[in-house]
Amino acid sequence: MPVQLRNPLLWLSLLFSPAALVLPGSTDNPFLPTPIDGPPPPEPPEVISRDERGRATLRAVRVDAPLDVDGLLEESVYGIVPGASDFIQQEPHEGEPATERTDVWVLFDEKNVYVAARCWDSQPEKIVANEMRRDNFNIFFNDNFAVILDTFYDRRNGFLFHTNPVGGLADSYVTDERDNNRDWNTVYESKSQRFSGGWTVEMSIPFKSLRYSAGPSQIWGINFRRVVRSKNEHSYLTRIPAAYGQRGVIKVSSAATLVGIEPPSQSKNLELKPYAVSGVATDRTVDPPVESDLHFDAGFDLKYGLTRSLIFDFTYNTDFAQVEEDEVQVNLTRFGLFFPEKRDFFLEGQGIFAFGGAATRGGGGGGGGGGMGGESNTPILFFSRRIGLSDETKVPIDAGGRLTGKAGPYSIGVLAIGTAEVAVDGTLATNFSVIRLKRDILRRSNVGVIATRRSPAVTGERT
């Protein structure tokens, strides 16, 4: 049953106090650095160790030169370093060894993490692979291979990457083992190849595309999933209960532990996306007539890594013309539809702004409150799709900034953005502000606060 903390001072003490919250009879301090959640690290040259509970610890191996990401697995390192295998079925026979062998490698250099796999198949002619559109859901109905990286080793969040035998790509960001934001995209490379005994894949994921803690030598979480579509067989590096279904890949708390990874401590993370548009309009039906009226507009989006885990986004005079269109939905209820956020500016760290059990696609305005949505009965206090829209009218965004990321056990989200006045329908210039602070406690729990402000409010009153 839910526990209500009626004393607000207790909430604050859990959120800000460095003291440990220790369960009765426990000697573990949940705020100390997390030990390896699994068997001891393997001794070289071995790359994986397992225990009787189905847990695994994997060792990443440094390479001296960048790999040629072609999917062929022809580099000498694949002959020197043994691959990790012995995947465990989730479906159709939970807990049994996979019927098709999968060998995986995790390598790295100064700039990239390399994930490679050799997916053996006793009936390669039955491999299903026909989808190359990025992030298309049909990839999951092909034979496919996935890797999830828990770079903070908090057993809650992760970066998820999918591919199939023809090189289709899908990536997403997982928050609290619940929100899987498939509209999030990053820069990475993946190549697949077929051979007589199955198919192979190589991925190159730049460290710049990931968020992680400071420190030269780190512990991450990692898991792999192999889907053999002709058998409807799902297998993982670690044991995943069948009850989780296809969402088992985001169960980061059951993932393996990755040791030996050494990301760069200093790496400049700066992205600038400017745009400029112009046009000429002629309209002789208006009074006064318009003849060869030239107009010009420009703006930019900027992303800057303050640290490897805290990212600052800034936008000026934003243009969202490149944003993917929403999927058509038919609504037969009296409740409004809440379409997922697809605008790049709002996608970094989007899951941090989810409050309680509410999914990030739920309703309620940016500070406007109200509404129920998502997958629970928790009121959704912030929904970024309300920013830049007024009923059916597009509202220009003047400028805005966001700060998102992690600092130790804290997840931080700060947003401030201003929209312009639209005289045609009487929409006033509006400021939206959100502050979200969350702290991890115990093994899979957290406590946090969210504050939202919209001025003027929906009623038109300034606050």
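Two strands count as paired if DSSP finds at least two bridges between them. Helices (H or I, at least four residues) and strands (E, at least two) are DSSP runs, numbered from the N terminus. On these terms strand 16 (residues 270–283) and strand 17 (residues 290–305) are joined by 13 bridges and run antiparallel. This is a predicted model, in which local features need pLDDT of at least 70 and side-chain atom pairs count only at pLDDT 80 or more, while totals for chains, interfaces and linings use all residues. Residues are numbered from 1 along each chain as its sequence is written, and side-chain values use heavy atoms, with hydrogens and water left out.

**Overall make-up**

- The protein has 3 helices and 24 strands.
- Of its 463 residues, 49% count as buried; buried means under 20% relative accessible area, exposed over 50%, and partly exposed in between (1.4 Å probe, protein chains only).
- Contact means heavy atoms within 4.5 Å. Among contacts between residues at least 6 apart in sequence, 59% join residues at least 24 apart.

**The hairpin of strands 16 and 17**

- Strands 16 and 17 form a hairpin, with 6 residues between them.
- V280 has L294 in strand 17 as its bridge partner.
- L302 is also found in strand 17. With a relative accessible area of 23%, L302 is partly exposed.
- Apart from neighbours within four places in sequence, L302 is in contact with L270, E271, L272, F312, D313 and F314.
- L302 and G401 are 99 residues apart along the chain, and their C-alpha atoms are separated by 9.4 Å.

- Strands of a sheet pair through backbone hydrogen bonds, either parallel or antiparallel.
- Strand 11 pairs with strand 12 (residues 198–206) in the antiparallel sense, over 7 bridges.
- Within this pair, E189 stands opposite S204 in strand 12.

**Cis peptide bonds**

- The bond between E91 and P92 is a cis peptide bond, with omega about 0°. P92 is found in the loop between strand 4 (88–91) and strand 5 (102–108).
- S455 and P456 are likewise joined by a cis peptide bond, with omega about 0°. P456 lies in the segment after strand 24 (445–455).

**Positive phi outside glycine**

- D86, a residue other than glycine, has a positive phi near 60°. Its place is in the loop between helix 2 (77–80) and strand 4.
- D86 counts as exposed because its relative accessibility is 54%.
- Y153 is not a glycine either, yet it has a positive phi of about 50°. Y153 lies in the loop between strand 7 (144–150) and strand 8 (158–163).
- Y153 counts as buried because its relative accessibility is 5%.

**R156 in the loop between strands 7 and 8**

- R156 is found in the loop between strand 7 and strand 8.
- The relative accessible area of R156 is 5%, so this residue is buried.
- The side chain of R156 reaches the backbone oxygen of R443 at 3.3 Å. A polar contact is a pair of N or O atoms within 3.5 Å; within protein, one must be able to donate a hydrogen and the other to accept it, and residues adjacent in sequence count only if both atoms are side-chain atoms.

**Cavities**

- A cavity is a set of points, on a 1 Å grid over the protein atoms alone, where a 1.4 Å probe fits but cannot get out; lining residues have an atom within 4 Å of a point. Grid points are joined across faces, edges and corners, and a volume is the space filled by probe spheres set on the points.
- A search of the whole structure finds 3 cavities of 30 Å³ or more. The largest cavity has a volume of about 200 Å³.
- The largest cavity is lined by 17 residues, of which Y173, R211, G349, I352 and G405 are the closest to its centre.
- Strand 9 (169–175) and strand 21 (397–407) are the elements that give two or more residues to this lining. Strand 21 supplies the largest share, 3 residues.
- The lining residues of the largest cavity divide into 5 nonpolar, 7 polar and 5 charged. Here Ala, Val, Leu, Ile, Met, Phe, Trp, Tyr, Cys and Pro count as nonpolar, Asp, Glu, Lys and Arg as charged, and the others, Gly among them, as polar.

How values were computed:
On a 1 Å grid over the protein atoms alone, a cavity is a set of points where a 1.4 Å probe fits but cannot get out, and a pocket is an open set with protein on both sides within 12 Å along at least five of seven lines; lining residues have an atom within 4 Å of a point.
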